Amino acid sequence: MSGPLVVVGDTLLDIDVDGNADRLCPEAPVPVVDVGREWHRPGGAGLAARLAARSAADVVLVTALGGDEGGARLARLLAGEVELCALPLNGETVRKTRIRAAGQSVVRLDHGDGRAAHEPLDARTVSVLRGASAILVADYGRGVASHPQIRELLAETAAPVVWDPHPRGGPPVPGAALVTPNDSEAAKFAGASGTPEELAARLREEWAAEAVAVTVGSQGAVLADETGTRAIPVPHAARVPASVRPDTCGAGDRFASAVAAALHDGAALPDAVAAAVESAARFVAAGAATALSEPAEPIRPPEGLSGFELAERVRRRGGRVVATGGCFDILHPGHVTLLRRARELGDVLIVCVNSDESVRRLKGPGRPVVTAADRVRVLSALESVDAVVVFEESSPVEVLRTLRPDVWVKGGDYAGADLPEAEVIRESGGRVVLVPTVEGYSTTRLIETVSNG
């Protein structure tokens, strides 16, 4: 497709305040959260646009931004990832703040009353909407999707329109290619209970949409189109292990943005929905929206400390400790990508590396090819790695008991496995994040290729 993928909707500022809660308030039976760190990211249509940019090269966001500090912060967070067509905002930027302890939300605080001003669109915004190859409407009920001129342009476009509705927003424009409520939203929109299949079929008729996909969490989605209704499950390889406690924040945005990107690339609707189901599942496994957050004030990790000392120092300063582990025998681009993505999840990355004897037990007498001392030297030279810890056991469980990382990262090829270290991570209040692997790279395969000439 020649035109951009255009995302239309309300952008919010999402804030996560991480801390610890190990006591109750003396005045009331509520937890006291000792605040450690604050993280910011675009929410609503801003999050959908950033996610769409993972799948499409040319993404434009049509949204309303305020002139306050919240609006300026959103513009900085979005800069360089998507093109902005900013409408004026009446009122204060909406901020949604999650107070979290040990990775779990304790309470959410909402601030701001901003709504999009329904003023005439500028020429660039009109041109973008008319030239789009696909359009995603991320309606969060704050006035962008209900702008009369925008609705007229959406009704006229020949591009596929994916509409992610909101209970406080208006109905989708008739003829939308796909509307994507979750199961609880679908029941509210339909005004009645029913199975996801019944709700999808009913809403498709009510909204005069070409299709409706009702998302049902870890079960995938139910698609209703002109051929009938059918379930589209999460592929087994993309399922979150039972031992992992997932954060699903932003999963709906990932589903809708992946569908829109697939349609932008010319995929058939059922194939686009199937791809979006898998993308949303992998997004949740990789840490969901929190993985896209940026610290309000970056922490500079001190140098010259062991991995254990570094973890304790950063934790005391309210930072987020990330760890990953493996043999890392013959470093390749798949390793480098995993380490870079892991480092983006926190303030420091500590790599747990199998000793030579540990590698031999796991891989056989011919491994490792590179000794532990050299593997440590190479890993330590990477910008994404802050410290390396060598362990003798077959599993890093005992090291993790001492290290106590906030986030433990593994490659996405472990998605179907029950990780032995997941329990110890959970005991210390951390979470497991599965990062998609880079296809085509494997140390074992590289060694076999060299051995075979």
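Me: Which ring does the charged end of Arg320 sit over?
Reply: That would be Trp39, with the charged end of Arg320 3.9 Å from the ring centre. Keep in mind that this is a predicted model.

Me: OK, on to rings. How many aromatic pairs are there?
Reply: The count comes to 1 aromatic pair. Phe189 and Trp207 have ring centres 5.4 Å apart and planes at 70 degrees, so they sit edge-to-face.

Me: Where do Phe189 and Trp207 lie?
Reply: Phe189 is in helix H5 (residues 183-190) and Trp207 is in helix H6, so the pair ties together parts that are 18 residues apart in sequence.

Me: And Trp207, buried or exposed?
Reply: Buried, at a relative accessible area of 8%.

Me: Switching to the largest nonpolar core. Which residues touch the most other members?
Reply: Val6, Val8, Ile135 and Ile150 do, in a core of 38 residues. Helix H6 (residues 196-207) gives the largest share of this core, with 4 residues.

Me: What does Ile150 touch?
Reply: Leaving out residues up to four places away in sequence, Ile150 touches Val8, Val62, Leu87, Leu121, Leu129 and Val144. There's also a second, separate core of 36 residues, and Ala45, Leu78, Ala211 and Leu263 are among its members.

Me: How many bridges join S1 to S9?
Reply: 5 bridges, with S1 and strand S9 (residues 134-138) running parallel. Gly9 stands opposite Ala138 there. S1 also pairs with strand S4 (residues 59-65) in the parallel sense, over 4 bridges, and Val6 has Val60 as its bridge partner in S4.

Me: What about the sheet with S16, in what order do the strands come?
Reply: The order is S18-S17-S16-S19-S20, an open sheet of 5 strands with parallel pairing. Strands S18 (387-391) and S20 (431-435) stand at the edges with a single partner strand each, so one side of each has no neighbour in the sheet. On average, neighbouring strands are turned by 30 degrees against each other, direction ignored.

Me: How many bridges join S16 to S19?
Reply: 3 bridges, between residues 321-326 of S16 and 407-411 of S19. Thr324 stands opposite Val409 in S19.

Me: Which strands does H10 lie across?
Reply: Helix H10 (residues 333-343) lies across S16, S17, S19 and S20, and runs at about 140 degrees to S17.

Me: Last topic, backbone angles. What is phi of Phe328?
Reply: Near 50 degrees, which is a positive value in a residue other than glycine. Phe328 is in the loop between S16 and H10 and is buried, with a relative accessible area of 6%.

Me: And phi of Arg404?
Reply: Also positive, near 50 degrees. Arg404 lies in the loop between helix H13 (397-403) and S19, and counts as partly exposed at 34% relative accessibility.

Methods: Residues numbered from 1 in each chain as written. Predicted model: local features only at pLDDT ≥ 70, side-chain atom pairs only at ≥ 80, totals over all residues. Heavy atoms only, no water. Core = buried A, V, L, I, M, F, W, Y, C linked by side-chain atoms within 4.5 Å. Buried < 20%, exposed > 50% of the residue type's maximum accessible area, 1.4 Å probe, protein only. Helix = DSSP H or I, 4+ residues; strand = E, 2+ residues; numbered from the N terminus. Contact = heavy atoms within 4.5 Å. Pairing = 2+ DSSP bridges. Axes fitted to C-alpha atoms, helices over the stretch in contact; angles between N-to-C directions. Phe/Tyr/Trp six-rings, centres within 6.5 Å; stacked < 30°, edge-to-face > 60°. Lys NZ or Arg CZ within 6 Å of the ring centre and 35° of its normal.
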